[in-house]
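Hi everyone, thanks for making time for this one.

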Amino acid sequence: MDANRKRAEPSLGFTCNNLYFNDIKDSIERDCDEPDGIMFDHATQFRCEMCRPIHDAMLLRRSS
């Protein structure tokens, strides 16, 4: 993760794959129901795995 870039762009969720929080929300709204599906929806994949728990939390929020 590029901490400097993250500080400069708070809406950027994950610097390793250039994925913004709004991108994740859009995927969830299109019925992606698992983290791997969200990544597939944006033609990327998990790299460092630091973002997987955040994907999980966003998905849980949607279902509650």
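**Rings, core and a few contacts**

Let's begin with the rings: the structure holds 1 aromatic pair, where rings of Phe, Tyr and Trp (its six-membered ring) pair if their centres lie within 6.5 Å, with planes under 30 degrees apart called stacked, over 60 edge-to-face and the rest tilted. The partners are Phe-14 and Phe-21, and their arrangement is edge-to-face, at 5.8 Å centre to centre and 65° between the planes.

Before I go on, a word on where this comes from. This is a predicted model, in which local features need pLDDT of at least 70 and side-chain atom pairs count only at pLDDT 80 or more, while totals for chains, interfaces and linings use all residues. Residues are numbered from 1 along each chain as its sequence is written, and side-chain values use heavy atoms, with hydrogens and water left out.

Back to our pair: are its two members buried or exposed? Phe-14 is buried, with a relative accessible area of 6%, whereas Phe-21 is partly exposed at 24%. The cut-offs here are under 20% relative accessible area for buried, over 50% for exposed and partly exposed in between, with a 1.4 Å probe and protein chains only.

Phe-14 also belongs to the largest nonpolar core, which has 11 residues, including Leu-19, Ile-24, Ile-38, Phe-46 and Leu-59. By nonpolar core I mean a set of buried Ala, Val, Leu, Ile, Met, Phe, Trp, Tyr and Cys residues joined through side-chain atoms within 4.5 Å. Helix H2 (21-29), helix H3 (35-41) and helix H4 (52-63) each supply at least two residues of this core; helices are DSSP runs (H or I, at least four residues), numbered from the N terminus.

Now look along H2, where Ile-24, Ser-27 and Ile-28 are buried. They cover an arc of only 100° around the axis, so they sit on the same side of H2; the arc is taken from the directions from the helix axis to the C-beta atoms. Just after H2, Asp-31 has a positive phi of about 75°.

Which residues does His-55 touch? This residue of helix H4 is buried, at 0% relative accessibility. Not counting residues up to four places away in sequence, His-55 touches Phe-14, Leu-19, Ile-24, Pro-35, Ile-38, Met-39 and Phe-46, where contact means heavy atoms within 4.5 Å.

Next, the loop between H3 and H4, which is the place of Thr-44. Thr-44 counts as buried at 17% relative accessibility, and its side chain makes a polar contact with the side chain of Arg-47 at 2.9 Å. A polar contact is a pair of N or O atoms within 3.5 Å; within protein, one must be able to donate a hydrogen and the other to accept it, and residues adjacent in sequence count only if both atoms are side-chain atoms.

Finally, Glu-34 is in the loop between H2 and H3, and is partly exposed at 42%. Thanks, everyone!
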